[in-house]
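Thanks for coming. I will go through one model today, from the outline of the chains down to single residues. Please have a look at it first.

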Amino acid sequence: MTLYKLRGFLLRLVSVSIICMGFAQAAPAGMIGTGHLIESEARAASISRVEVLLAHDDVARQLVALGVDQATVVERLNGLSTAELLELEEQIDDQVAGGDALALIGAVFLVLLILELVGVTDIFKSI
Amino acid sequence: MPALLLLLSGCASIPEAVRELPAGAALELDDAPFYPQERYQCGPAALMTALTQSGADVALDNIVEKVYLPGKKGSLQVEMLAATRTEGRLPYVIDGTLSAIRNELESGRPVVVLQNLGVAAIPRWHYAVVVGIDADRGEVILRSGTDRRRITSTRTFLYTWRRGDYWAMVVLRPDELPATVNRERYYAAIAALEQTGRLEAAALAWRTAENRWPGDPVVLFGLGNVESALRNFAAAETIYLALLKLDGSLLVVRNNLALVLAEQGQFAAAINEIGTALERNDDPALEAELRDTERMILAMRAAGQ
């Protein structure tokens, strides 16, 4: 491993341990989780603890990059189930965020107005 | 015109199962609290309504910190669920139908919904809270944005809701069942609560589930696992044994039973259990976990615990 890669690996390991300290450890080591008996949770239930920690680390960094405060990111992640954590890790870029952000490009305003009038959309308040 | 048609494509009819509503008296939760939203913060505002209605003691600023994602100018659905759990409540994604919404309202629970107020090509994602429904007038009443009562035709509501795949959630107290319950989804919701370390809440929820479905293996496993996590090993042992009486083939239960026996210093019994599990196992994925457990138990015995 080159020195550069080693440094990257060590930094990653350190950040994982920092996150570990705030990580909710629900079950004693070796216990098989309830999710194993629930079909929709089985995949998440069977991944290793290390993979969970790495996903945790990965998503934490992505959230911080998206503007979440370092101090609160661990608490936020603690509320996620393992399946949700994995989902976020894989798809955070594709996930929608409800917030009313609207990128209006001038020419489509008229189209939206028509759609609003026929009741397909509900963007404008008093129409 | 072609552009307009393109934008309209996807306006095909809404499935019957989604839009059917039994005729009934109009329903509205007048006292559901209202939190007029700040810019981009419809997620926190909507979640606050549902959380405070469920009796949680929460502050808007705290919720904003838990769900608002500045880089996306909004809130992710999974974080709405996560924040609910950190406030000691059980988030549950309900069936994507109007009658499921109505049933929740009838139980006194407002429903948080994700809407795309625009179209697929020009989306405007938004969270609102359904607090009322009137089948006869064909109207849905929402706490939405800065409107305490935004009255929308059912038709328009369905279009906006469909684009979000009919996503809707309620905030349950741990001892509450959803009005329309999908058992597997409900169990997954409780398991998620367990995973996030909300053990007392998870225990309460599993006991609620047990009342409803006595003897269900998933419920008993959940209860046993919560007791183990709380380090009530004797209680966990009792539950696992009862579960194995119902279904002796559940090797995952044997695994956990072996561990709680070891935790109580009963090493011979523990080794016996894990040995049985290994003998009977033909699932390669489970093999590694069972072997790890065996190693752990032997190590615990050697350490003279």
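One term before anything else: two residues are in contact if their C-beta atoms, placed from the backbone, lie within 7 Å. Helices (H or I, at least four residues) and strands (E, at least two) are DSSP runs, numbered from the N terminus.

Now the bookkeeping. This is a predicted model, so local features need pLDDT of at least 70 and side-chain atom pairs count only at pLDDT 80 or more, while totals for chains, interfaces and linings use all residues. Residues are numbered from 1 along each chain as its sequence is written, and chains are lettered from A and ligands numbered from 1 in the order in which they are written.

Let me start with chain A and its confidence. pLDDT is the predictor's confidence in each residue, from 0 to 100. Chain A has an average pLDDT of 80, and 74% of its residues score at least 70. Residues 14-22 of chain A stay under 50, and the model has 10 contacts beyond four places in sequence for that stretch.

Next, burial. A residue is buried if 20 or more other C-beta atoms lie within 10 Å of its own, exposed if 12 or fewer, and partly exposed in between, with C-beta atoms placed from the backbone. Which residues of helix H5 (residues 82-91) of chain A are buried? They are A:Thr82, A:Ala83, A:Glu84, A:Leu85 and A:Leu88. The cover over them draws on both chains: it includes helix H2 (42-45), helix H3 (49-65) and helix H4 (70-78) of chain A, and also helix H5 (77-86) and helix H8 (183-195) of chain B.

That brings us to the interface. Chain B puts 66 residues into the contact and chain A puts in 50. On the chain B side, 34 of those residues are nonpolar, 20 polar and 12 charged. For the classes, Ala, Val, Leu, Ile, Met, Phe, Trp, Tyr, Cys and Pro count as nonpolar, Asp, Glu, Lys and Arg as charged, and the others, Gly among them, as polar. There is also strand pairing across the chains, where pairing needs at least two bridges found by DSSP. Strand S1 (residues 97-98) of chain A and strand S2 (residues 75-76) of chain B run antiparallel, joined by 2 bridges. In one of these, A:Gly98 is partnered with B:Ser75.

On to chain B. Chain B contains 14 helices and 8 strands, and its C-alpha atoms fill a box of roughly 75 × 40 × 40 Å along the principal axes. It has 305 residues, of which 50% count as buried. Among its contacts with a separation of 6 or more, 58% are between residues 24 or more positions apart.

Chain B splits into domain 1 (2-172) and domain 2 (183-302), with bounds that come from an automatic or database domain assignment. Their centres, taken over C-alpha atoms, are 37 Å apart.

Now the cores. A nonpolar core here is a set of buried Ala, Val, Leu, Ile, Met, Phe, Trp, Tyr and Cys residues joined through C-beta atoms within 7 Å. The largest one has 106 residues, and B:Leu47, B:Val111, B:Val112, B:Val129 and B:Ile190 have the most contacts inside it. Helix H12 (residues 251-263) of chain B gives the most to this core, 9 residues. Because domain 1 (2-172) and domain 2 (183-302) of chain B both give residues to this core, it lies between them. Beyond four places in sequence, B:Ile190 is in contact with several residues, including B:Leu90, B:Trp206 and B:Gly222. Another core, apart from this one, has 6 residues, among them A:Leu112, A:Leu115, B:Leu117 and B:Val119.

B:Leu251, in helix H12 of chain B, counts as buried because 24 other C-beta atoms lie within 10 Å. B:Leu278 is 27 residues away from B:Leu251 in sequence, with 8.4 Å between their C-alpha atoms. B:Asp165, in the loop between helix H7 (154-162) and strand S8 (168-172) of chain B, has a positive phi of about 60° although it is not a glycine. B:Asp165 has 12 C-beta neighbours inside 10 Å, so it counts as exposed.
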